[in-house]
Amino acid sequence: MADKKPVKVIPLGGLEEIGKNMTVIEYENDLIVIDCGLTFPEDEMLGIDIVIPDISYLIKNQKKIRGIVLTHGHEDHIGAIPYLLKKINVPIYGTRLTLGLLENKLKEHGLKTEGLKVITTRCKLKLGIFEIEFIATCHSIPDSVAIAINTPHGRIIHTGDFKIDYTPIMGKKTDFYKFAKFGEEGVLALLADSTNVEREGYTMSEKTVGDTFDEIFMTAKQRILVATFASNVQRIQQIINASVKVGRKIVVSGRSMVNVVSVAKELGYLKMPENTLIDINELKNYSDDKVTIITTGSQGEPMSALSRISNSEHRKINLMPGDLVIISATPIPGNEKTVSKVIDMLLKRGARVIYESLADIHVSGHARKEELKLIHSLVRPKFFMPVHGEYRHIKKHAELAYDLGMPKDNVFLMENGQVLNLTEEKGEINGTVQSGQILVDGLGVGDVGNIVLRDRKHLSEDGLIVVVVTMSKESGQVIVGPDIVSRGFVYVRESEDLMGEAREIVKRTLNNCEKKGISDWATLKSRIRDSLKDFLYEKIKRNPMILPIIMEI
């Protein structure tokens, strides 16, 4: 036993952040990956579309990879897979809905889908040295699972995102028997969702949202628009149920919403009577009290359907005074301002808006403190590693484990890229691997880094000045210019004196260089930049980006 190498647990994403979830389990020449998600850019990541994990370690060890196993179909768990598959060809295992949503995503990227392998709960899967079993859990999307991995040193359980819901709208209930059975047999390590650990008590059942929808829909006489997460299939089903009860037709708006509804309906996860779902172009054929519009935009995203509706920019849907808008989601931290702006715009345009603080129209998909205690008590792991959350969540989850009697030396507060070595006897953090984030901008993956972001920030804050000078190739004298073009710095027509002085500064700099016999372009540009920078800062205390352009004829 003593000569066995330890099993390695390596988080490549999802720690000290929300999203971008990705964990590696490795033993000698075998490696599996749990989830491969994305996150959305922070405010300072100007122009960035999405952020994905750095997969350099996987590329380096691709011969060891036996497969990727998925806990559920949310973007923060599957969104980065198309980018990984462009680098590494590996089989992917997940439940039916999870792979249905992923298949749609792969087709959009022009990738093959042959490597997708459907699994069911309680089935066993052999991937190299690892034997894997899938445990049914509840979350805000059906077909969610926890993953139990048998390793040479013992069983590791990864909960994925979960909550305890005794009355789920669809899918299986949490398989407490399996958690308890594994706990009785012995669990080496537990990796558990930390997102909601700060909240006391239990997360409400999704069924409570359905009851609220029923009450609202029964009395509403106007058109209803409901904004929610596209991937929240259970919430969409409840909106459909409430609409059907009062004889409303359903219109779906927003690209991601249309995709998810299409896949979930095709796979049988969304159920509705024939002809309930109508095309957006048929809206005009029905009175307002006979239509429900399900849309994206619950987070106030600028290009989402709800934002475009609130700004009168949607091609097919015009907001009318009296429309009832329900925002069935909680703002993700950082999105509060954008959500508030959308609500304000909707109210200004005469809509009635219901959001979470006004009614029970949203419940979380993540376990609160008492639910986490239940899972810890059932599993009784020797070692514990909190995952999925910012540092405060991970720290709070560690404290919960201490309160339940776990020794502090057996709880590991990890960072992305750190390596946790586990054996039957001990666990220790030992070493790091390359990790971090890759920025995706359009079709460019990883070609935007800190320097480009710094330049974008500089441009956004201070603007740009372009200095154009045409010089004689033979004599080196200025023939035309200098001309100065301003973008995002000052309005030229109202700052002609300043621009005139700036031109004189550039002329004087060029004359001084000519007298000193300086003719190489690099030095000329540097002198122009420095002299103009000093002048503008002294004059108006601004530091625009200065771009000198020298042409020869």
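Predicted model: local features only at pLDDT ≥ 70, side-chain atom pairs only at ≥ 80, totals over all residues.

Let's start with helix α4 (residues 96–108) and helix α8 (residues 255–266), whose axes sit 10 Å apart at an angle of about 130°. Since angles over 145 degrees would be needed for roughly antiparallel, α4 therefore counts as oblique to α8. The crossing of α4 past α8 is right-handed. On the α4 side, the contact uses Leu97, Gly100, Leu101, Asn104 and Glu108, while α8 brings in Arg255, Asn259, Val260, Val263 and Ala264. Sort the contact of α4 with α8 by class and you get five nonpolar, three polar and two charged residues.

Next up is strand β12 (residues 187–193). Is it buried or exposed? It's mostly covered, with seven of its seven residues buried. Strand β11 (residues 154–158) runs parallel to β12, and three bridges join the two. Look for Ile157 opposite Leu190 in β12.

Now for the sheet. Three strands line up in the order β24-β23-β25, forming an open sheet with mixed pairing. Its edge strands, β24 (478–487) and β25 (545–552), each pair on one side only. From one strand to the next, the twist averages 15°. Strand β23 (residues 464–471) and β25 run parallel, joined by eight bridges, and Val468 stands opposite Ile549 in β25.

Two helices pack on this sheet. Helix α14 (residues 496–515) touches β23 and β24, and its direction makes about 140° with that of β24. Helix α15 (residues 521–540) touches β23 and β25, with its direction at about 140° to that of β25.

Technical notes: Residues numbered from 1 in each chain as written. Heavy atoms only, no water. Axes fitted to C-alpha atoms, helices over the stretch in contact; angles between N-to-C directions. Helix = DSSP H or I, 4+ residues; strand = E, 2+ residues; numbered from the N terminus. Parallel < 35°, antiparallel > 145°, perpendicular 65-115°, else oblique. Left-handed = near helix turned anticlockwise from the far one by under 90°. Contact = heavy atoms within 4.5 Å. Nonpolar A, V, L, I, M, F, W, Y, C, P; charged D, E, K, R; others polar. Buried < 20%, exposed > 50% of the residue type's maximum accessible area, 1.4 Å probe, protein only. Pairing = 2+ DSSP bridges.
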